[in-house]
Each structure stands twice: as C-alpha cells, then as structure tokens.
4 protein chains.
Amino acid sequence: MPESTTAAVLDPALLAEIEALRATTSATRRATVQAMEDILHVPFPVLDRGFIRVVDYMGDDGAIVQAARVSYGRGTRQVREDRGLIRYLMRHRHTTPFEMAEIKLHVKLPIFVARQWIRHRTANVNEYSARYSVLDREFYIPAPEHLAAQSSDNRQGREGVLTGDEAAEVLDILRGDALRCHANYDRMLNAEGPDHDPARQGLARELARMNLTLNTYTQWYWKIDLHNFLHFVSLRADDHAQYEIRVYAQVMSDLLERWVPLTAEAFQDYRVGGLVLSRPALAVVRKALAGEAVVQADSGLSPREWRELWGVLGEEPPASAG
Amino acid sequence: MPESTTAAVLDPALLAEIEALRATTSATRRATVQAMEDILHVPFPVLDRGFIRVVDYMGDDGAIVQAARVSYGRGTRQVREDRGLIRYLMRHRHTTPFEMAEIKLHVKLPIFVARQWIRHRTANVNEYSARYSVLDREFYIPAPEHLAAQSSDNRQGREGVLTGDEAAEVLDILRGDALRCHANYDRMLNAEGPDHDPARQGLARELARMNLTLNTYTQWYWKIDLHNFLHFVSLRADDHAQYEIRVYAQVMSDLLERWVPLTAEAFQDYRVGGLVLSRPALAVVRKALAGEAVVQADSGLSPREWRELWGVLGEEPPASAG
Amino acid sequence: MPESTTAAVLDPALLAEIEALRATTSATRRATVQAMEDILHVPFPVLDRGFIRVVDYMGDDGAIVQAARVSYGRGTRQVREDRGLIRYLMRHRHTTPFEMAEIKLHVKLPIFVARQWIRHRTANVNEYSARYSVLDREFYIPAPEHLAAQSSDNRQGREGVLTGDEAAEVLDILRGDALRCHANYDRMLNAEGPDHDPARQGLARELARMNLTLNTYTQWYWKIDLHNFLHFVSLRADDHAQYEIRVYAQVMSDLLERWVPLTAEAFQDYRVGGLVLSRPALAVVRKALAGEAVVQADSGLSPREWRELWGVLGEEPPASAG
Amino acid sequence: MPESTTAAVLDPALLAEIEALRATTSATRRATVQAMEDILHVPFPVLDRGFIRVVDYMGDDGAIVQAARVSYGRGTRQVREDRGLIRYLMRHRHTTPFEMAEIKLHVKLPIFVARQWIRHRTANVNEYSARYSVLDREFYIPAPEHLAAQSSDNRQGREGVLTGDEAAEVLDILRGDALRCHANYDRMLNAEGPDHDPARQGLARELARMNLTLNTYTQWYWKIDLHNFLHFVSLRADDHAQYEIRVYAQVMSDLLERWVPLTAEAFQDYRVGGLVLSRPALAVVRKALAGEAVVQADSGLSPREWRELWGVLGEEPPASAG
C-alpha cells in the first residue's frame with residue numbers, strides 16, 4: 001500500500017477490506033486513470049484521526065472533452081486539442097461538461113466539519129448512523145500549532161496562536177470534556193464491557209448520542225460530480241475557510257491533479273489563481289494603466305476594498321502617494 | 001399574540017422584533033391566506049426550548065390549481081373544481097404544481113435534530129454561525145416520559161421508557177455534561193463576564209464550539225417548496241422517525257392545514273393514510289378477496305412483511321388458521 | 001459487436017469511434033459488472049432512428065450495500081445478506097444508498113421526446129447544440145401501428161389506431177412537412193452543397209433552427225444516479241407515459257437488469273408491480289376482507305377510483321352485486 | 001393597467017383574469033414591495049408575441065439581510081447597514097441569503113427559447129401541455145433588423161444582418177413553413193372548425209404536435225429563488241447569449257431593480273460589470289502597473305485572450321508597441 005497510509009488510526013476491519021479491494025482487478029472498457037488506480041481505496045490521513053480515500057471514480061479529462069464535443073458537434077472535431085478545449089470551457093464557465101465526471105470518497109471527519117461540508121447540497125451522502133450503531137471514542141484534538149486565537153478585528157477570523165498556560169488549559173479542556181462525555185455516553189447506553197449492568201435497560205442510542213461533543217469523528221460515503229467538486233475545493237481550500245476543513249480540501253485538490261490533470265491546471269489558472277475585479281475596481285485599474293491619478297475617495301471602493309485591491313495587484317496604493 | 005407562544009423561552013430581542021412585525025400590515029395583490037396571516041411570525045413551541053415560526057409564505061391551494069391549469073390548458077377550465085383537481089394531482093403523483101407554493105420558517109432546534117433535518121437537500125438554509133457568534137447556553141433535555149430505552153430487536157428503535165434511578169442518572173448526566181461543556185466553551189473563549197481575563201487572548205470561536213454537546217440548540221431560516229415540504233412531513237411525522245424530529249414535523253403538519261387545506265386533506269388521504277402494497281402483497285390480497293387460501297410460506301413475503309401486511313389490513317393472518 | 005446494433009441508422013464516424021472504444025480494455029480496481037462491459041458503447045436502437053448506448057457506469061449492487069453498511073455501521077455486518085438488505089432499502093424507501101451508483105448514456109431522440117425527458121432535473125446533460133452545428137436531416141415518423149387516435153374521454157390518451165386514408169394522409173403530412181422544413185433550413189443557412197450560393201451570407205444557425213419540426217432528432221450525453229434513474233423508469237415505462245418515451249424507458253429497464261440485478265428485482269416487486277392504496281381504498285379492502293358489504297356510494301372513492309381499484313384487485317366491483 | 005401591456009397579443013380570457021387579479025387586494029403581514037405590487041400580473045411584452053408577467057414574489061432586500069443576520073448572529077446587528085451587508089454578501093459570494101427570496105413568473109416564449117431556458121435546473125416549472133391541449137397558431141418571426149447572418153469566424157455567433165432578397169426570402173420561408181405546419185397539425189387533429197370531418201378520428205394530440213416548428217410559442221409558470229434568478233440573468237443577459245433569450249433576461253433585469261434595488265445595484269457592481277482575470281492575466285496587469293514591459297508571447301495568454309484583455313482594460317495592447 002502506498003506511503004500515504006497511516007495504519008495507526010485505521011480500524012483493522014477497514015484495513016482488511018482495503019487490502020482485499022486493492023488485490024482485485026478487473027478488465028474494463030471504461031475510461032480509466034492509472035494515477036487514480038494507484039491510490040484507489042487507500043486512505044490519505046487528514047487531521048489527527050480523519051482520512052479521505054477514493055472509493056470509485058467515473059470519467060477523466062477525455063470524458064469532459066467527449067461531452068463538450070457532443071454539444072459543439074462536428075464543428076469542433078480535430079479543431080481544438082483537448083487541453084485547449086478544457087481551458088476554453090473553464091474560461092467561459094461552460095460548466096455542464098465538467099458534470100460528466102464523478103468521484104466517490106469515503107471520508108472520516110469531525111462532526112463540526114461535517115456540518116459545514118454538508119451545506120454543499122449537490123452531492124450524495126451516506127453517513128454513519130448513530131441511531132443504528134455506537135460511535136467510537138474518537139475525537140479531534142488540534143495540534144498545538146493550530147490552537148488559533150480569536151481575531152479581534154475579523155469576527156470569523158483567527159489571529160496568532162495560543163501558547164503557554166492558556167494553550168495547555170485549552171487542550172486539557174477539549175480532551176477532558178470529550179472523554180467524559182463519551183464515557184457517560186457509554187454509561188447511558190449501558191454498553192457492553194466491564195461496566196455493563198444486566199439489570200439496566202440502557203438509553204436509546206438515538207438519544208444517548210446527544211451527549212457527545214462536536215469534535216467526535218463521524219464518517220460517510222460522499223459522491224459528487226467534478227463541477228461541484230471544483231466548487232467545493234475553490235470555496236474550502238480558500239484562505240477564508242476554517243483550517244479544519246481546508247486540510248480536507250487540500251487533499252481533494254491533490255486528487256484533482258491525479259484524476260484530471262488538464263482540468264486541474266485550467267482550474268488553477270482561471271478560478272483559484274485568478275481575480276474577480278468589481279466594476280469600480282476595474283475602473284481604477286483602467287485609469288492607473290492609462291497613467292491617470294486614482295484616489296480611494298472617489299473610487300467607489302471602501303478603504304478595505306481599496307487596500308485589498310492594491311494588495312493583490314502587488315503595488316503600494318497610489319493614494320498613499322497622493 | 002396568539003396563545004401558541006410561550007414567551008418564557010424567547011429571547012427578548014426576538015419578541016420585540018415579532019411584535020413589530022405583527023404590527024405592520026401592507027396591502028398586496030398576491031394570493032393571501034388569512035389563517036396564515038393570523039399566526040405569521042408567531043413561534044410555536046417545540047421540545048423544551050425550540051420553536052417553529054412562519055416568516056413568509058407564497059401561494060395557496062389556488063396557486064397549485066393555477067399552475068396545473070397552465071399545464072392542462074383550456075381543456076380543464078371549469079371542468080374540474082379545485083378540490084377535485086388537487087386530489088387528482090396528488091393521486092397521480094403530478095408533483096410539479098405543488099412546487100409552485102413556498103414557505104419560509106424560522107426554526108430553533110437541537111444540533112442532533114438539525115443534522116437529520118439538513119439531509120433534505122432541496123431547500124434553502126441560513127443557519128446561525130458559531131464561527132461568527134457565540135452560542136447561548138441552551139440545550140435540549142428530554143422530558144422524563146421521553147427517556148426511551150433502546151429496543152432490543154430493532155436497532156434504531158425505542159422500547160419502553162427508563163424509570164427510577166436509571167432515568168434520574170441519565171438526566172443528571174445530560175444536564176451536567178452540557179453545562180460543564182458550555183462553561184468550558186465560555187472559559188476557552190475568554191468570554192465577557194466576571195471570569196473575563198484581559199491578559200488572555202481567547203480561543204477562536206470556530207474552534208471553541210467543538211467542545212459543545214450535540215443537544216445544544218441552534219437556529220436557522222429554512223425555505224422550501226410545498227412538494228418538498230410534504231415529502232419532509234411524510235418522512236418525519238412518520239412513526240419510524242425519531243421523536244425529537246417528529247414533534248417538529250407535527251407542527252409543520254398543522255401549518256399545512258392552515259395554509260393549504262385542500263392539499264392537506266389530499267395528502268392525508270393519498271400519502272399519509274394510504275398503503276403501498278408490494279407486488280407479492282398485492283397477489284396475497286387478490287387471492288384472499290377471491291376466497292382462496294393464502295399462506296406465508298409461498299407468498300413471497302418474509303414473516304415480518306406478512307405480519308405487517310395483516311396488521312395493516314386489520315385481520316388475523318389467515319396462515320395462523322391454516 | 002452484439003446483435004443489438006442496427007448499423008443502418010448510425011453515423012459511420014460514430015461506428016468507428018465505437019469500434020475503437022470497444023477494442024480498448026484497461027485493468028481497474030473499481031467495481032465492474034461484466035454484463036455491462038459486454039454491451040458498453042453499443043447502441044440499442046429505439047424508434048426509427050434513435051438509440052441508447054451506455055457510455056460509462058459507476059458501481060453495482062455491491063456499491064449500494066457498501067454505502068448502506070456505512071450508514072448502519074457494524075450492526076448490519078454479516079447479519080443481512082446483500083439481497084435482503086437491498087429489498088429492505090427499497091421497501092422502506094431508504095433512497096440515499098441508491099444514489100451511490102451512476103450511469104452515463106448517449107441518447108438519440110426526437111426533440112418532442114427530449115422536451116419531456118429534460119423535465120427530470122436531477123441529472124447532467126450535454127446536448128448537441130444547433131447554435132454551433134447543423135442538424136442532420138433525420139426525423140421520427142411513427143410506424144403505422146403507432147398512429148394512435150385521440151382518446152375521446154381521456155384528454156391525454158390514445159384510443160385505437162388510424163387506418164386507411166386517414167393514416168396515409170398523416171404519414172404524408174409528417175414526412176412532407178419535415179422534409180420541406182429541413183430543406184428550407186439548409187436553404188436559409190446557405191449550406192454547403194450543390195445549392196450553395198457564394199453571393200449569399202446565410203442566416204445564423206441559431207435562428208435557422210427555429211424552422212425545424214419537433215420530430216427532428218437531437219442527441220445528448222445524459223448522466224444520472226441510480227435512484228433518479230429508477231424514478232425516471234417508474235414514471236416513463238408506465239402505461240400512462242407516451243409511447244415514444246416509453247420505448248426508451250423500456251430499454252433503460254433492461255439495462256437495469258444487466259447492471260444491478262438485485263436492485264432491478266426489488267424495484268419490480270416494490271415499485272413497478274406494487275399498488276398504492278389511498279386511505280379510503282384501504283378502508284374498502286379491510287371491510288371486504290372482513291366480509292362486510294362495501295358500496296361505492298359511501299366509500300369516499302369516486303366512481304372512477306372505485307372501478308380502478310377493483311380492476312387492480314382482480315374482482316368484479318362488489319357494489320354491482322349489491 | 002400600466003402602459004407595459006400590449007393588449008393586442010393577449011388572449012381575452014387572460015386579460016379578464018388579469019383585470020380580476022389586479023382588482024383584488026388583501027392585507028398582509030408579509031414583506032411587501034410597492035414597486036412590485038404596481039406591476040403584479042401585468043404582462044411585459046417580449047419579442048413579437050411573448051411576454052413575462054410577475055405572478056407572485058416572496059421577500060425583498062430586507063429578507064436577505066434578515067437571513068444573513070441569523071447566520072452572523074448578534075455580531076452584525078446594527079453594525080452594518082443593509083446596503084453594506086448586501087454588498088459584502090455579493091462580493092464574497094455568500095450566496096445562501098439570496099436564496100431566501102423567490103419569484104414566480106408567467107412566461108410566453110418560443111419553443112427553441114424554452115429549450116435553452118429549461119437548462120437552468122434549479123427552478124420549478126409548469127408548462128402548457130400539448131398532450132392535453134391544442135397549441136395556438138402563434139409563432140415567432142424575427143423583426144427584419146434581427147435577421148442575423150452566421151458569423152464566419154465564431155461558430156455560435158452572428159455577424160451583420162441579412163438584407164434585400166435574402167432577408168425577404170428568409171421571412172417568407174419562416175412564415176410559410178410555420179403556417180403550413182400548423183394548418184396540417186389542425187388537419188391531423190381533425191380539429192373543430194369548418195374543416196372538421198365527423199367521419200375521421202383525428203390523430204392523438206401528443207403525436208400531432210411533432211409536426212410543429214420550433215418557433216411555435218409555448219408558455220409556463222416558472223418559479224425560482226433570487227440567487228438562481230441572478231445566475232440566469234448574468235448568463236442570459238450577456239452579449240454571448242442569443243438575442244431571443246437575451247430580451248427576456250433584460251426584462252428580468254429590470255424586474256430585479258424594482259424588486260430588490262440594493263441587490264440589483266450590488267449585482268451590477270460585482271457580477272455584471274466586473275471582470276474575471278485569469279492567473280496569467282493578473283500577472284500581466286501587475287507587470288504593466290509596475291511599469292514593466294509585457295508581451296503576448298511570454299504571457300501565457302493566447303493571442304485572442306491577449307486582445308480581449310486589453311480590450312476590456314481600455315488600452316492598446318502594449319505588445320503592438322514592442
């Protein structure tokens with residue numbers, strides 16, 4: 001199995017299943033991507049106990065081109081090579097051909113991350129059910145370097161990292177409360193084990209679960225088309241996304257390069273690495289290029305937008321000179 | 001304000017907002033339902049601290065008829081009266097006219113209920129963000145009569161109610177863990193209050209929230225079309241649904257009768273109160289009606305399906321007589 | 001290539017592409033279905049010039065079981081075998097595991113059929129664009145045995161078949177108008193060919209297409225998950241569906257048996273071959289089974305519903321005896 | 001009724017219905033927009049015989065703010081005024097609050113336009129059914145100034161306008177073929193009228209319709225949330241959209257200003273009037289602003305992208321000087 005696996009965090013039953021799946025090969029007439037076959041079923045570790053693994057995929061860069069050529073008909077045959085066509089589609093936001101490829105992932109993730117993730121509605125999900133089964137004693141504890149402090153000027157932001165006693169106390173609290181809540185969960189369930197009491201009934205699983213903390217790990221199968229996968233990655237791999245979902249999106253971004261390298265390249269050039277200029281920002285850039293003076297006050301941009309614009313353009317705000 | 005309100009559980013700021021909204025009336029040419037106007041903005045209490053309140057609605061029974069008549073054209077004018085047409089649509093699963101009405105609710109609910117609810121993807125949601133704001137110290141504690149025991153033969157079921165010491169202990173655990181986790185949440189945030197320490201930074205809100213338990217209340221605005229609203233109610237007001245989401249679905253079922261009474265009646269007759277017979281079950285019923293002997297063994301039904309069928313048909317299983 | 005192909009109606013370029021695709025085989029670790037590999041890429045003829053061919057698929061019956069077992073957790077392992085679990089999911093309308101398989105078809109179909117088909121929104125589509133490319137001179141002409149007459153008592157129904165002079169005239173009209181409209185389309189485009197006039201500009205393709213008749217063939221790639229595929233088949237293979245879309249749904253129903261035989265069997269037993277009893281119809285059946293007299297007048301059923309009910313139950317309406 | 005109506009093209013039955021609807025006013029506690037009430041139910045003419053009329057709406061700019069404030073919680077109260085918050089949401093692509101408003105339109109449009117329109121899947125539709133009812137003899141004939149010629153260098157584009165004999169011939173063909181096809185449709189239906197022959201059966205409506213041309217008018221009720229409405233307008237009011245759908249999108253853009261003026265303004269500033277720079281285009285702009293030389297050859301942009309970039313920036317391509 002590739003090095004990406006950290007066997008330590010994996011359930012032995014899952015490991016055995018993965019070995020069996022990887023040992024089985026079939027012949028197919030379907031579009032196949034060798035770089036995906038290489039890592040199929042293998043978990044990529046994320047956070048302290050989470051993972052992403054590819055369970056199945058449909059299509060490749062060629063499938064996008066194939067669908068686009070049905071739309072454009074004979075006109076496009078041989079005229080454009082695949083790379084050019086994919087870049088054209090991405091540039092002009094012709095999104096439907098990207099819906100023609102599909103990927104299915106098995107993801108293990110903390111519940112508070114799952115709650116953000118599920119907001120992407122155009123996807124298929126089967127989550128582990130805590131009505132049917134008992135949740136394991138597994139929860140996310142941040143590494144010390146990710147114990148971010150609350151930003152004082154951005155309500156959803158982080159700012160610096162907690163250190164010293166404050167950091168130690170936070171880690172103690174997170175670990176202690178998660179452990180106690182899970183132990184009490186087991187107690188209320190009257191779970192199998194040394195503390196099991198045959199004289200007690202045990203609370204229904206669907207109720208007992210409410211005592212668990214939001215960093216408890218859950219898992220699901222998640223299937224999505226490539227267009228919506230790109231949308232997910234563009235939002236969640238972004239700097240504004242919370243670190244704990246961003247690390248999942250980064251693994252997904254790496255998977256993208258394996259799966260559909262031409263699409264991944266176009267996605268970086270036209271979506272991730274690009275810039276959306278507002279109408280007033282465009283007016284400022286036009287003036288600046290024409291050598292005219294520009295000042296924030298009459299730009300139609302707020303001071304914050306003004307700073308952000310010049311930050312991205314790599315220049316000192318000219319107004320500071322004026 | 002109607003009696004449905006239990007002012008006790010409501011935030012004073014929300015109460016003031018509701019009073020202001022209810023005091024404002026405008027003239028409109030849109031379809032209007034008086035029974036909905038009567039309760040608009042008013043919270044209906046659910047569980048110990050939750051509520052549902054209607055924030056807006058679009059359309060009425062007439063809007064469904066209006067859309068259906070566009071489909072069927074002149075042919076249907078005056079031929080069928082509204083009630084008959086709505087029943088026809090419901091019976092034949094012509095679902096698109098029911099998508100022509102829309103409702104928007106403000107719901108306060110425990111997070112573990114929210115996690116089930118959000119699985120209905122064809123809806124619009126804005127949830128309170130615990131990245132931006134601090135969650136109140138409010139969590140769901142079941143009433144003693146809802147402290148269900150785990151069913152021993154149905155993995156997702158309940159069976160009986162915990163009593164005595166076991167019940168008391170469960171309530172202590174739920175209350176104690178929720179309180180402690182929330183107090184530690186405040187502590188990690190270094191929240192305003194007597195314990196605030198200006199020398200500490202405070203953990204980022206987006207991280208601190210992971211320490212909360214799944215019975216913590218959240219809230220959201222939720223907007224859905226009538227067709228998908230019916231689907232939600234049919235699944236979640238069902239006996240197999242967990243009690244804690246079923247009580248929300250029951251309020252929604254009551255709202256249905258206010259909002260679209262003809263649709264609500266047809267929904268009860270054709271969806272909620274009806275029965276889906278499988279192909280083998282239909283064969284059994286046909287034989288029984290023809291006076292032929294029927295036995296489970298050659299019916300194609302499992303023993304469980306056989307029992308369930310005769311239960312719904314209100315008869316002793318005839319096989320028991322054979 | 002399997003016998004399903006009628007090479008006559010296929011574009012030679014498409015035939016060559018199919019031969020090339022079928023000659024290419026790769027090794028894969030993904031779930032593979034031999035019965036689908038056997039017919040992959042091969043067009044199944046539908047109507048006079050249409051076809052359906054499978055371009056790709058993801059998952060099999062096992063993928064549904066795999067996703068369901070994530071939901072149900074350890075509880076279900078080994079307890080239920082695959083067939084039983086799939087039947088359980090179908091019976092209880094647990095639909096999400098069926099979303100975990102996906103199929104992609106290439107379909108050639110008349111525009112008036114495409115307009116019905118596209119109403120199924122939860123799917124991905126890339127259609128041949130008549131803005132970019134010129135539509136071929138191909139249109140659907142019904143076989144004489146499908147020249148249905150308008151039903152006099154059912155506004156959307158057919159009743160009998162036209163014969164003799166009337167049939168002949170209809171076929172002449174359909175063929176004549178389609179040919180003339182297409183010839184005029186070519187003329188307005190100033191298309192390549194003997195009539196091309198270098199002195200004329202030619203009307204824009206996006207405008208000229210409006211002159212074509214609705215039986216002109218179009219084509220598209222269409223991708224959908226198994227749950228929505230089943231929904232499509234259950235609506236469109238039904239007797240109430242128009243013949244011209246039903247024949248496509250029947251091919252899709254056959255594909256279902258190849259692809260996911262356990263799901264196909266459960267689908268027939270619980271969805272296609274079953275019966276939905278309304279609340280009043282259920283009351284009638286209960287009374288009849290208990291030996292009580294039942295009459296239409298106080299059943300809550302309309303005369304039409306009454307007749308339909310007893311038709312399905314295989315009995316004479318008992319009221320006729322009373 | 002406002003001047004927007006051209007009574008000439010309207011069915012008298014529809015006119016009477018509109019008069020009745022406009023004469024009825026109710027009191028409501030819902031959010032109401034006076035500028036929408038003013039034009040509610042009134043058809044705005046589009047093309048030669050089409051229209052758009054608002055049948056219902058839910059929410060206003062305030063509803064978007066209200067939903068956003070639930071998400072952001074107390075933190076945002078009073079801090080930002082409505083306009084600033086809406087601009088913030090639009091700039092950062094926080095799209096869910098815009099889903100909290102909804103609009104329902106009645107649209108009459110040619111079938112070839114309807115086929116483009118329906119590709120927007122996140123909407124609710126009830127279309128006039130040609131299986132149930134007979135389509136009127138109404139079809140779109142372009143005004144002479146819109147008889148666009150096919151572009152020779154852009155496969156989906158228009159270039160200039162046909163004139164003289166060629167234009168006259170095209171108009172004759174479009175009118176003649178549509179009339180003949182519709183007359184033959186009536187003939188096959190054995191429609192009521194002077195030519196009705198009681199001895200003939202008449203072809204089923206669902207079949208006869210296939211003889212109609214794609215410029216025949218159809219109509220539907222169409223309901224969509226504001227977020228998806230904006231997406232529709234941004235794609236279809238764009239210069240690359242076909243003229244015949246663009247004119248509908250322009251009416252929708254006007255409706256936007258009536259309905260949600262703050263959202264409409266932000267939409268113009270951040271979406272319609274803005275510019276998306278790709279990663280290489282951004283690099284070019286940064287260099288140019290820094291006074292460095294830029295040439296197309298090493299820019300990573302194609303010659304066409306290079307020309308388009310400088311066109312939008314309002315400058316001569318500097319490479320032309322190098």
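In the predicted model, the contact between chain B and chain A takes 60 residues from chain B and 60 residues from chain A. The area buried between these two chains is about 5700 Å², and carbon and sulfur atoms give 48% of that area. Eight salt bridges are counted between chain B and chain A. In one of them, Glu169(A) is joined to Arg187(B), with the closest N and O atoms 2.5 Å apart. Residue pairs in polar contact between chain B and chain A, both at pLDDT 80 or more, number 36.

On the side of chain B that touches chain A, two or more residues come from each of the helices α5 (111-117), α6 (164-189), α7 (205-208) and α9 (243-259), and from each of the strands β5 (124-127), β6 (148-150) and β7 (158-161). The largest share of this side, eleven residues, is given by α6(B). By class, the side of chain B that touches chain A has 27 nonpolar, 18 charged and 15 polar residues.

Chain A is also in contact with chain C, through 56 residues of chain A and 56 residues of chain C. Chain A and chain C bury about 5000 Å² between them, with 47% of it on carbon and sulfur atoms. Of the area that chain A buries against chain C, 19% is supplied by Arg29(A), Arg30(A) and Met58(A), more than by any other three residues.

Four salt bridges are counted between chain A and chain C. Arg30(A) takes part in one of these, with Glu37(C) as its partner and a separation of 3.5 Å between the closest N and O atoms. Between chain A and chain C, 29 residue pairs are in polar contact, both residues being at pLDDT 80 or more. The elements of chain A that each supply at least two residues of the side touching chain C include the helices α1 (12-23), α2 (34-39) and α3 (61-72), as well as the strands β3 (50-58) and β8 (217-225). The residues of this side of chain A divide into 23 nonpolar, 18 polar and 15 charged. Strand pairing also links the two chains: β1(A) and β1(C), the latter spanning residues 26-28, pair in the antiparallel sense over three bridges. Within this pairing, Ser26(A) has Thr28(C) as its bridge partner.

In chain D, His231(D) lies in helix α8 (residues 226-236). His231(D) counts as partly exposed because its relative accessibility is 36%, between the limits of 20% and 50%. Leaving aside residues up to four places away in sequence, His231(D) touches His120(D) and Arg271(D). His120(D) is 111 residues from His231(D) along the chain, and the C-alpha atoms of the two are separated by 9.1 Å.

Methods: Residues numbered from 1 in each chain as written. Chains lettered and ligands numbered in written order. Predicted model: local features only at pLDDT ≥ 70, side-chain atom pairs only at ≥ 80, totals over all residues. Heavy atoms only, no water. Contact = heavy atoms within 4.5 Å. Buried area = accessible area lost by both parts, 1.4 Å probe. Salt bridge = Lys/Arg side-chain N within 4 Å of Asp/Glu carboxyl O. Polar contact = N/O pair within 3.5 Å; in protein donor to acceptor, adjacent residues only side chain to side chain. Helix = DSSP H or I, 4+ residues; strand = E, 2+ residues; numbered from the N terminus. Nonpolar A, V, L, I, M, F, W, Y, C, P; charged D, E, K, R; others polar. Pairing = 2+ DSSP bridges. Buried < 20%, exposed > 50% of the residue type's maximum accessible area, 1.4 Å probe, protein only.
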